[in-house]
Amino acid sequence: MAGLLFGTGGIPHNVRPASSINGIKRIAELGLGCLEIEFVQGVKMGEKSAYLVAETATKEGVKLSAHAPYFINLNAREPEKIKASQDRILQTTHIASLCGAESIVFHAAFYLGDPPEKVYETVKQHLGETLSQLKRENIRLWLRPEVMGKLSAFGTLAEILNLCTELEGLAPCTDFAHWHARTGRFNSYQEFAAMLLQIKERLGRAALDNMHIHMSGIAYSKKGEVKHLNLKESDFRYVELLQALKDYEAKGLVICESPNLEEDALLLQATYDTLLKAD
Ligand SMILES: [Zn+2]
C-alpha cells in the first residue's frame with residue numbers, strides 16, 4: 001500500500017447533507033485517501049447505513065476509521081460508568097466493522113487524581129475484558145487508545161505503548177499535536193524521529209507499517225492542550241514531522257483534526273508528496 005493516506009476527522013466542511021456517505025464522496029473528490037467517522041457524541045449510525053457506508057468507501061477507494069464517543073472513562077469510580085464505557089467501545093467497534101473500518105480510536109480514561117500506575121492497571125483490566133468480548137464475537141479491528149493532550153487525561157506515549165505491548169488487538173493512535181501540547185516539546189525532526197524509533201523498538205517494525213496518526217495545529221498551556229488550531233496559525237512543525245514519517249517509511253492513516261479539516265489535510269498531503277518527490 002501507499003505510504004501514508006491523508007484525510008479528515010469528521011465530514012469535510014460544506015458537505016450537504018452532512019452524511020458520512022457524502023463525506024466519503026467529498027474525500028474522494030478532493031483526492032484525499034481516508035476519513036475518520038466521528039461517533040464522538042454517540043453511535044447513532046444503524047447497521048443498514050453502515051453497510052451503505054462500506055459500499056461507498058470501497059467504490060470510492062477511501063479508507064475508514066471511527067472515533068468512539070468522548071464519554072468514556074475506564075477509570076470511572078462507578079462500576080456502571082465503566083460498563084457504559086466498555087459498551088461504547090463495543091458499539092463503536094461493531095458499527096465500524098460493518099463500515100469496513102480497520103481501526104477505532106478512543107480516549108481511554110481520566111486520572112481523577114489517582115496515581116498513574118494505578119490508573120494504568122485499571123484501564124488495562126477493563127480494556128482486556130473488552131478485547132476478550134470482541135474476540136468471542138470474532139470481531140477483528142484495531143482498538144486504538146489515543147495519546148492525549150491534557151495532563152488530566154490518561155494517555156502519555158509511554159502509557160499507550162505499554163498497553164499495546166501487553167494487550168493483543170491494541171495499537172496506538174499517535175496524536176503528535178497532543179503529545180507536543182502535553183509536553184511543550186516534541187516539535188522538531190529529532191524529537192519526532194525519536195518517537196518513531198521508540199514505537200519501533202517497543203512494538204516492532206509492523207507498528208510503523210500500520211500507523212494511525214492524528215495531526216493538527218494546537219494551542220496549549222501548562223495543563224497541556226487548550227484547543228486545536230489550523231496548522232499555519234500554530235507553532236507545530238508539521239513539515240519536520242512529515243519528513244520524519246517519510247524517513248522512517250511510516251505507513252497508515254493520517255487524520256487531520258485542524259478546525260479547517262480538509263484544507264490542512266490537503267496541505268499535509270501536498271507537503272508529504274513534495275518530500276517524496278524530493279528523493
Ligand atoms: Zn480523539
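Predicted model: local features only at pLDDT ≥ 70, side-chain atom pairs only at ≥ 80, totals over all residues.
Student: Tyr111 and Phe154: are they buried or exposed, and what makes them so?
Tutor: Both are buried. Residues are numbered from 1 along each chain as its sequence is written, and side-chain values use heavy atoms, leaving out hydrogens and water.

Student: Why is the pair of Tyr111 and Phe154 called edge-to-face?
Tutor: The centres are 6.1 Å apart and the planes make 65°. Rings of Phe, Tyr and Trp (its six-membered ring) pair with centres within 6.5 Å; planes under 30 degrees apart are stacked, over 60 edge-to-face, the rest tilted. The 65° is over 60, so the name is edge-to-face.

Student: What does this pair tie together?
Tutor: Tyr111 sits in the loop between S4 and H4, Phe154 in the loop between S5 and H5, so parts 43 residues apart in sequence are tied together.

Student: How is the pair of Tyr120 and Phe154 classed, and why?
Tutor: It is tilted, with 45° between the planes and 6.4 Å centre to centre. Tyr120 lies in helix H4, so this pair ties parts that are 34 residues apart in sequence. Tyr120 is buried too. The structure holds six aromatic pairs.

Student: How do you know that S4 and S5 pair?
Tutor: Four bridges join these parallel strands. Pairing takes at least two DSSP bridges. One partner set is Ile104 with Leu143 in S5. The chain crosses from S4 through H4 to S5, and the β-α-β crossover is right-handed: with strands pointing away from the viewer, the path over the helix runs clockwise from first strand to second.

Student: What makes S5 and S6 edge strands?
Tutor: The open sheet has eight strands, paired in parallel, in the order S5-S4-S3-S2-S1-S10-S7-S6. Strand S5 (142-145) and strand S6 (174-175) each pair on one side only. Strands are DSSP runs of E, at least two residues; helices are H or I, at least four; both are numbered from the N terminus.

Student: Where do the buried residues of H5 pack?
Tutor: Against helix H4 (116-136), S5, helix H6 (176-183) and helix H7 (189-203). Contact here means heavy atoms within 4.5 Å. Among the buried residues of H5 (157-166) are Leu157, Ile160 and Cys164.

Notes: Buried < 20%, exposed > 50% of the residue type's maximum accessible area, 1.4 Å probe, protein only.
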